[in-house]
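Q: Could you walk me through how to read a few features of this model?

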Amino acid sequence: MWASAADGYNFLTSQSWVGILGLFWFTLVFDIPRYALAFVAAAFFGRVGAARTDVQGFAGRVSVVIAGHNEADAIERCVKSFQEQSRPPDEIVVVSDGSTDGMENTLRELQRRGAVDQVHCTHLRAGKSAACNLGERYATGEIIVIADCDCTYERHALKEILAPFEDPAIGAVSGNILVRNASETLIATFTAIEYLISISLGKQAAALTDHVTCVSGAFGAFRKTALDQVQGNDVGGGEDLDMTLRLRKAGWKIAFEPDSICYTDTPATFSALVRQRFRWERDAVRIRYRKHADLMNPFSANFQLHELYHEVEFLIFHILGAILLPVYVIWLFLAYGEMAVVILLSVQIGLFSLDLLSFILAAWATPKANSLGLLPYTFGYSFFNGFVMRNVRLAAYLQEWLFNASAEDEYLPQKVRLTRRW
Amino acid sequence: MTAAKRKAISGNESTARSKSKTKSSSEGCAEVAQRILVAEDSPVTQDLLKLVLEQRGHQVDVVADGEAAIRALQGGSYDTVLLDFHLPKVDGLEVATRFRRDNAGKTAARFVAITADIKGLLSHSANCENFDEVIPKPLDLQEVLGVIEREQSDALNVAKTTVREVGAGKANAPASALSAKYEYLRWPEDFNSERLSARGMHASLSDGSYDAIVLNEPATVRDLSVIWTTKTLHLLPIIDMTGSLAKQADVDGTGLSVGETGEIDRVIEAFKSRRAELHDDLVFSDDIGEKLIGRVFVSGGSLTARHDHTSRELVSFNTVLDFRSADKEIRDLLTRGLLAQDFFDRFHVCDRCGSSHFNVREECADCGSSHLEEEAYLHHFKCAYQGPESDFRQGDDLVCPKCRMELSHFSVDYDKPGSMLQCGGCGHATSEPAVGFVCMECDAHYDGDSVRTRDVFSYEMTPRGIEFAKGGHALQDGGNTALRFADLPLALIVAINTELKKHEADGTQFSLLNISYRNGREIEQAEGVRAFEKSREFLLEIFRNTVRKGDDVVKGNASDFILLKQTPNGEARAGLEDLKAEASSSLRVDLGLEFELFGPEDFS
Ligand SMILES: [Zn+2]
Ligand SMILES: [Zn+2]
Ligand SMILES: [Zn+2]
């Protein structure tokens, strides 16, 4: 064991620069650049999203729209977290989307107590898109905040998410999503780290170059005029990504507000996580490269270099990276035999350093998250994310690309899936 | 001169006089002392009336015949004149008639007839209106005092009468389905607000000659309230030929044709036979609750609640008493264990006015308006637009406001996943209307979950209730500790009166021993009424042999008495043990003897 470790060390240190490039091309192409932007942003702008000290309360009318299916148990806690806001909403509109668990009665009671202002209950499930559309149809605010039943919101979340609307060019603002059940299982802990790095840090970095491409469905705020212009949600899933892309096409700027914090529960088991990610990744592929394929077509009226950038970025780092990883591993074994293990190990050590750095940066950029307790899990996360989840994504992409699998997604009612064009 | 006027004059006078003559009423005296003339030929009745009335503080003159009465009337001014109908020389009716005629407009005296022959008195319908009141014999002393001392304004004027002309032929003519063999009281002829006709008054004396009350014209329960304020009328079945009382009458005669007397006769007979079983305590009771239990008994034993839109409580019982009055009494009867309840229905009640007449409607939770229009939600699958149907309406077509597509195929293009209510008052939309109650009498508004409810029950008489109806107070209350003068046998009252006079004169003591039988009811049930009565008689015979000569052993109604003359209570108490020992050694059965001692001070 020690002998082979020594052999491996000798092998690596004896390589020339060109040899190193030849061995680690995958990491150099598909991993290092992923981190680069955040590091650069951190280096050039100091603390990303440094807290504003002069947040003014948004003066306009604000509606919160919450749509849910069978959320009788969760809805009250969610509503209460909005009542507890430092800047309370002017109106809360709740849609029960064909619930059969007594959610209607809970809502009736909440409305009677004055906790919610409007309640719309349907008896047939229409899906998240249509349910939100119904709520937005009746919402009377100038800003419409979309929230999720099973999320809760930090006390200043609303005040913070409203702040960027001072800029009339801003069409939507994404809130920051943190994991509430991080300590539940190891899977949830890894996901908490992933959220912190990819959302809290990743979106802050993306916002610096105006590349926020998804206003999360769990917590986002929209200017009513912008929503009306794009006519609300189209058929889901992935309606949050779709909506954001359409707002971008329409010329609206999208902001990210790291101090506007929403807590959500993430899947606690591996199988549940895999199912969730299959859905997300398939929806991402379908929406980016089927529905919004025109963003990559130089002859389309919607073609802009700015949009091309994030489409290509996603294609390279998410899709191509996932596809080429197995190719790289197989190639390593074919070319270097046993020495491939050593090479992969050193790749993992390198990735871990990068992930550790990212995590520290993310924790620093999101002080409200109080996430240093997650630090010891970063190594496990690094392996899990770099090798396991990348293969989960690959499976999802292949399934969607080859079999158009999202058309079978149980997340949408069948009547709606049948009509979807993409 | 009308009775009302006479009443007013005498009311004023007695008020004026009250300043000088009133004694404190707390000592069992009348509030206003009156000058009373008693014209009565029976010495026992004379003694009795004088004793009772003087004890109440009135000034009493007694005469024994009609001529003496006329002389006395001419000589002095009386507030009240008690006249026996059958007086020697000039009868009471003649006395009253003559005096009224000779002193028209000048006298304030009230004339009260005392008679056992009510029918005879009332047959002189033209003259008997000269009497203000009639009291039947045998005399109920409480009633005598009641009539004499009654508040002039009292609405429950029992025998107050303006005797009106009632053609005898008309009164007895059978109408439609009424059988000729019965005697009927008729509405409205025999009733006039709080006053009764001579016939009505007659019937209220329960001499058994009337069988039913017939409504020939519409009447309300309120119109008939007089039956609850007089005696015994509430025990007659009510036959409604107009339908105005609906189910509160005992027979609805509207559907019956001439000669079809069967149903009415059956009810009359049923009432009649149960009336015969009813104890006198209940027949003559002044207590509305006891009247009610009496009526429930004679009408078959149940008080059945029914829906009734004409009542403000929306419910009435099968009796001519409004719900609220009945409810008040029922509570007491329930606690006394005379009735058992059975759930009937739950009603909503206005807290402000007590009415149950509500308009219940769906209303806007925000503004309370009931102007709600239902509208369907419509979901266009293809573009995820979901909104009210009116967003899609374009003439006959449904066109999606988002994607402009015409929706043509339900369940393929679109569906209607539910509906909502849009408020015409404030524009608010909801799928959950509130439920509101608006009181139809006072316009008060209540939320569906805050409006008060009232549970209404039907009632059945319990075995204890039936026992009470048949057995009266004595059996109900076990021993009746409070000695009521009126409960005492007349002979005993006279004897006690004599003893009281001696006591006042020289302080001579006497003791009255009241004997009651705790096990009386039990023995009656086990061995029959005769067996109990025999034992009781036997016991009294033993006592007669035990007491001194001159002491009285008197049989009473529910309990018996021994008057021990010239015996202080202490001495009597010492002798009690001997009596008890004597009784228990001679009697086969245990009567549950209970003794109670009274002395002169108990009668002051
Ligand atoms: Zn449409
Ligand atoms: Zn309204
Ligand atoms: Zn009322």
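**Reading the model**

A: Let's start with a loop: P188(B) sits between β6 (184-187) and β7 (191-192) of chain B, where helices (H or I, at least four residues) and strands (E, at least two) are DSSP runs numbered from the N terminus. The peptide bond from W187(B) to P188(B) is cis, with omega near 5°. This is a predicted model, in which local features need pLDDT of at least 70, side-chain atom pairs count only at pLDDT 80 or more, and totals for chains, interfaces and linings use all residues. Residues are numbered from 1 along each chain as its sequence is written, chains are lettered from A and ligands numbered from 1 in the order in which they are written, and side-chain values use heavy atoms, leaving out hydrogens and water.

Q: Which residue other than glycine has a positive phi near 60°?

A: That's Q231(A). Look for Q231(A) in the loop between α9 (224-230) and α10 (239-249) of chain A.

Q: Which residues coordinate the zinc ion (ligand 2), and which the zinc ion (ligand 3)?

A: The zinc ion (ligand 2) has C364(B) (SG), C367(B) (SG), C423(B) (SG) and C426(B) (SG) at 2.2 to 2.4 Å, spaced C-x2-C-x55-C-x2-C. Angles of 103 to 118° make this arrangement tetrahedral. The zinc ion (ligand 3) has C350(B) (SG), C353(B) (SG), C439(B) (SG) and C442(B) (SG) at 2.2 to 2.3 Å, with the spacing C-x2-C-x85-C-x2-C. The site of the zinc ion (ligand 3) is tetrahedral, with angles of 100 to 119°.

Q: And helix packing: at what angle do α11 and α14 of chain A pack?

A: Axes are lines fitted to C-alpha atoms, for helices over the stretch in contact, and angles run from 0 to 180 degrees between N-to-C directions. Helix α11 (residues 270-291) and helix α14 (residues 378-403) of chain A pack at about 55°, with axes 8 Å apart. They are therefore oblique to each other; angles under 35 degrees count as roughly parallel, over 145 as roughly antiparallel, 65 to 115 as roughly perpendicular and the rest as oblique.

Q: Where do α12 and α13 of chain B meet?

A: Contact means heavy atoms within 4.5 Å. Here I288(B), G289(B), L292(B) and I293(B) in α12(B) meet A326(B), E329(B), I330(B) and L333(B) in α13(B). Helix α12 (residues 288-298) and helix α13 (residues 323-335) of chain B pack at about 85°, their axes 9 Å apart. That makes α12(B) roughly perpendicular to α13(B).

Note on methods. Donors are N, O and S atoms within 2.8 Å of the metal (3.2 Å for Na, K and Ca); water is not among the atoms, so sites may look incomplete. Four donors count as tetrahedral if all angles lie between 85 and 135 degrees; four count as square planar and six as octahedral if opposite donors are over 155 degrees apart and all others between 65 and 115; anything else is irregular.
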